[in-house]
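Thank you all for coming.

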Amino acid sequence: MMMLDEPYRWAEAVANRRDYIEDQLGSGSPVVGLNYRDGALLLTLGRGQQKIFEVYDRIAMGAVGHPTDIEKLRQAAIDLAHVIGFNYSEADVTLQQIVHFGLGPAMKTAFDEIVRSPYIARVLLVELEDPGKAIVLYTVDYDGGFLRTDKQGALGGIPEADRVMQRYLAEADTGRLGLRDALDLALRAWAAGRWAGQLEEMPNEASDLDRAADEADVTGVLRDALGSLEVEAAVLQRSRTRKNKFRTLASREIAPVISAYRGSKPAGD
Amino acid sequence: MNQGNDLFDLLKESGYRFPGGALSGQTHSSEAAFPFRPTEGTTILALRYRDGVIIAGDRRATAGNAVITDRADKVIDIDEVSVMAISGSPAMAYEIARILGHSFQYHRRRQLQEMSLEAKLRRLSLLVRDNLPMAMQGIGAVIPIFATYDLRDGRGKIFFYDALGAQFEGTDFATTGSGSPGIRGAMYYLNRWGGRPFAELDQEEGVGLGLRLLFTASEHDAATGRYERAADVFPSVKTITAGGLQDVPVDDLRRIYGDFVEQGGPR
């Protein structure tokens, strides 16, 4: 390929790739992860297609992006976890390994090889640490870049949405929340990310974005979204006696939290 | 990429070698190749009671005349509704149980659905067959009983295998191991003419019967252990019902053992 012989053209090709992928991801429904009193919660809204998955006994993931790419990444994570879990032991499977040795390199390779198609997806993974009360979260970007956080993690279609959601979550001491309050906060953080993802014009300065986000009508965004989308949520629940801590929340657990928004009248009516 | 969606294939790709075929190059008879007898004596039994399946096994592991331990666990949890109970070579049986447990879990996560009962049985059958070279050496035969709760049919099921991997459903009960000849006839008799068939027993009666049968087996088979006060180790007894797999707690075993085995109790 001629293109690859010239450094400038290569950089240009990478930039084009970024534009293309970010354009595809921009409208994706965010995923929110946070710790709560009994473990970790992952939440998103969607049109019925599953977007939050069990990876291993104490590891779960959610993603934004192309369904087939998400599926490939999910399977890669599960394969790696189970090979380690079998060859060593269940306790040896960690999220750090899955991201550092599995998803990160795979996504970077696909992104860097200009002749291959990249993964059009961003992934949020969460792990319940054992023993202890901590959780570990990783966001992995389409180019293989990853970020480790504890307590909270948020992933939208674009980095600005991540920022808005992270700020929203960071204000709360989520580790003290019960499940219902954690769900409520996650929903509102999701709506803040949704708001950022749908901005017609992105402020140039982060501080301007923060200011606009503080004034955003998060409740209104959430109410609109709940009109057409379904809430999907799962927990890694520490108090579960089984080895396997992953549990998808039933609609009866979610319904009381969203009814407050569904019932409320739009402002100005 | 792992197209077959099977953990066993994926493990082999990653360099894992199933030990069951490890000695397949050898053609010596078992006695010549392996002069001492491996551990294989035991008694395992499973019976269908009112709420599902009770599965019980003694705790003794032997090699020839030597008792290796009286604390071996031969009833192994595979998933939330299934157990595999083993007679035969513990090393191979544990490996097979481990592969099965991990495979079922892998399947559920990767395919986003539980593996069907038929497929689970087939996986076990293939592993037992893959283990044939070891079985032929006379040192690694594994003859499992697989017990599970079929959520579709709403009833407990018991399956037993031969060393070649052929699978049979034992409708009301199954027993295997060196002590099993001593109780198979008793089980048939009790189920048919004992007053009430096993399927009508409640959990307490079923567990009591299982403990009695294991005791009976140990009366005629030196390789089957029994409860001894000094060691205070009870047989492994588990129940499988619609609610899942559960160990019968030691306190319950102690009480039921007292009522049924020592006192002679009801029935």
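Chain A has 9 helices and 10 strands, where helices (H or I, at least four residues) and strands (E, at least two) are DSSP runs numbered from the N terminus. Its radius of gyration is 19 Å, close to the 18 Å that the globule rule gives for 269 residues, so chain A is as compact as a globular protein of that length; the radius is taken over C-alpha atoms, and the rule is 2.2 Å times the number of residues to the power 0.38.

Please keep in mind that this is a predicted model, in which local features need pLDDT of at least 70 and side-chain atom pairs count only at pLDDT 80 or more, while totals for chains, interfaces and linings use all residues. Residues are numbered from 1 along each chain as its sequence is written, and chains are lettered from A and ligands numbered from 1 in the order in which they are written.

Along its principal axes, the C-alpha trace of chain A spans about 60 × 50 × 30 Å. Of the 269 residues in chain A, 43% are buried, meaning that 20 or more other C-beta atoms, placed from the backbone, lie within 10 Å of the residue's own.

Which strands form the open sheet in chain A? There are 5 of them, in the order β8-β1-β2-β9-β10, with antiparallel pairing, and two strands pair if DSSP finds at least two bridges between them. The edge strands, each pairing on one side only, are β8 (152-155) and β10 (246-248) of chain A. Within this chain, β1 (residues 31-36) and β2 (residues 39-46) are joined in the antiparallel sense over 6 bridges, and N35(A) has A40(A) in β2(A) as its bridge partner.

Turning to where the chains meet, the contact takes 10 residues from chain B and 10 residues from chain A, with two residues in contact if their C-beta atoms, placed from the backbone, lie within 7 Å. On the side of chain B that touches chain A, the elements giving two or more residues are α1 (7-13) and α3 (90-111) of chain B, and α3(B) gives the most, with 4 residues.

Finally, in chain B, strand β1 (residues 44-49) runs antiparallel to β10(B), and 4 bridges join them. One of the residues involved is L45(B), whose bridge partner in β10(B) is T175(B). Both faces of β10(B) (residues 173-176) are covered, as F173(B) and T175(B) on one side and A174(B) and T176(B) on the other are all buried.

Technical notes
Buried ≥ 20, exposed ≤ 12 C-beta atoms within 10 Å, placed from the backbone.
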